[in-house]
Amino acid sequence: MDKQKQIAILGSTGSIGTQALQVIAEHPDRFAARILTAHSRWQLLAEQARRFVPAAVVIADEGCYEPLRDALADLPIQVYAGADALCQVVESDAVDIVLTAMVGFAGLPPTISAIRAGKQIALANKETMVVAGELINALAIEHKAPILPVDSEHSAIFQSIIGEVSPIEKIILTASGGPFRTFSRQQLATVTPDQALRHPNWDMGAKITIDSATMMNKGFEVIEAKWLFDVEPDRIQVVVHPQSVVHSAVQFADGAVKAQLGVPDMRVPIQLAFSFPERLQSSFDRLNWFTMHSLTFEQPDTERFPCLAIAYEALRRGGNAPCVVNAANEVVNLAFRQQRCSFTDIHETIARTMDAVTHINKPTLDDYLATDAEARRYADSLLNK
């Protein structure tokens, strides 16, 4: 029997984390939840820990430490708290795979710790590559830490190039278009967070669902694809595909295109990242070819959805520009969810922040941390005006 892989899930209470636990539950002989972490949802983390009995749990919000510790006092589970603990637990010799499913910039430091410890990374925190792709790639090479993408689009690209020795001519990155695909600019000015959170195809967390509605999520995926697959931005084409059946595709020098298709279910790329190079049997839904009456493809409209163009511009500027865009986006995404700004304020705030924050061409990790803080302050100041 193959060795049971010990998995650390950074962000086990979020959308990706909970689905990863479903994958582990389906294959208890192959996978075990060694470490579970959450930001502040200690009750759900405690429930997960009681079911999966990991060696350790970490709650990033130190104010939640005591109730979590008390809830698990009868079990042989180590309980830790704080951002430093997140970085330390992933270095455990017992851990084989680290699933980085935390949301936002906060996922960068523990991901770096896991890479430095030589762990296999199942990458679901796209901000890691958006903010510091060049640094992450260099560290992964230095420490021989393989990175397998969990995003459905990047997993599709990865699956399409397995076994290929020829270079990629073009990546076709598909986008659902989100809930406002057919809205006019006038309609977009008055949409509400509740409307934006109703994604037509995917079940995701609140932050990424808003990013999907603005198409900033797709912009981030363009940046991530550049670093994961060593492809220049002008060879990454975004195509709006409302049915979310073609998860992405790759075009080669002879004009051939390979695509990965399937139902919109994040458990499929999660499971593959855990089991690669093997594909395991699953109970997940299958694609029904006879109910799939049409697959349609459209060009994205960057006038109605400027965030996609902003991401391409950040990639063109390079250096810390994507870090600035990510920080500003996190601030304004939350502000929109809290009804402190309009939907169209999102792209305007991000663009103004990218132009204002000090540009650094060759940033270090400390530069990224400083840039993140500066961009958040500036974006906040724009919102407060």
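A: With 385 residues, a compact globule would have a radius of gyration near 21 Å, and the 20 Å of this chain agrees with that. The radius of gyration is taken over C-alpha atoms, and the globule rule is 2.2 Å times the number of residues to the power 0.38. The model is a predicted one, in which local features need pLDDT of at least 70 and side-chain atom pairs count only at pLDDT 80 or more, while totals for chains, interfaces and linings use all residues. Residues are numbered from 1 along each chain as its sequence is written, and side-chain values use heavy atoms, with hydrogens and water left out.

The C-alpha trace spans about 55 × 50 × 40 Å along its principal axes. The secondary structure comprises 16 helices and 11 strands; helices (H or I, at least four residues) and strands (E, at least two) are DSSP runs, numbered from the N terminus. Of the 385 residues, 54% count as buried. Buried means under 20% relative accessible area, exposed over 50%, and partly exposed in between, with a 1.4 Å probe and protein chains only. Among contacts between residues at least 6 apart in sequence, 68% join residues at least 24 apart; contact means heavy atoms within 4.5 Å.

Phe343, Ile346, His347, Thr349, Ile350, Thr353 and Met354 of H15 are buried. Seen down the axis of H15, these buried residues fall within an arc of 160°, so they line one face of the helix. The arc is that of the directions from the helix axis to the C-beta atoms. An α-helix has 3.6 residues a turn, so residues three or four places apart point the same way.

The cover over the buried residues of H15 includes helices H8 (185-188), H10 (206-214), H11 (216-229), H13 (306-317), H14 and H16 (365-384). Ile350 illustrates this setting: leaving aside its neighbours within four places in sequence, Ile350 is in contact with Met216, Cys307, Ile310, Val325, Ala328, Asn329 and Val332.

Ile350 also belongs to the largest nonpolar core, which has 86 residues, and is listed with Ile24, Val57, Leu99, Ile171 and Phe274 as having the most contacts inside it. The largest share of this core, nine residues, comes from H14 (residues 321-337). A nonpolar core is a set of buried Ala, Val, Leu, Ile, Met, Phe, Trp, Tyr and Cys residues joined through side-chain atoms within 4.5 Å. A second, separate core of 28 residues includes Ala85, Ala114, Ile136 and Tyr368.

H11 is followed by Asp230, whose phi is positive, near 55°. Asn326 is found in H14 and is buried, with a relative accessible area of 0%. Not counting residues up to four places away in sequence, Asn326 touches Phe105, Glu127, Val130, Val131 and Phe220.
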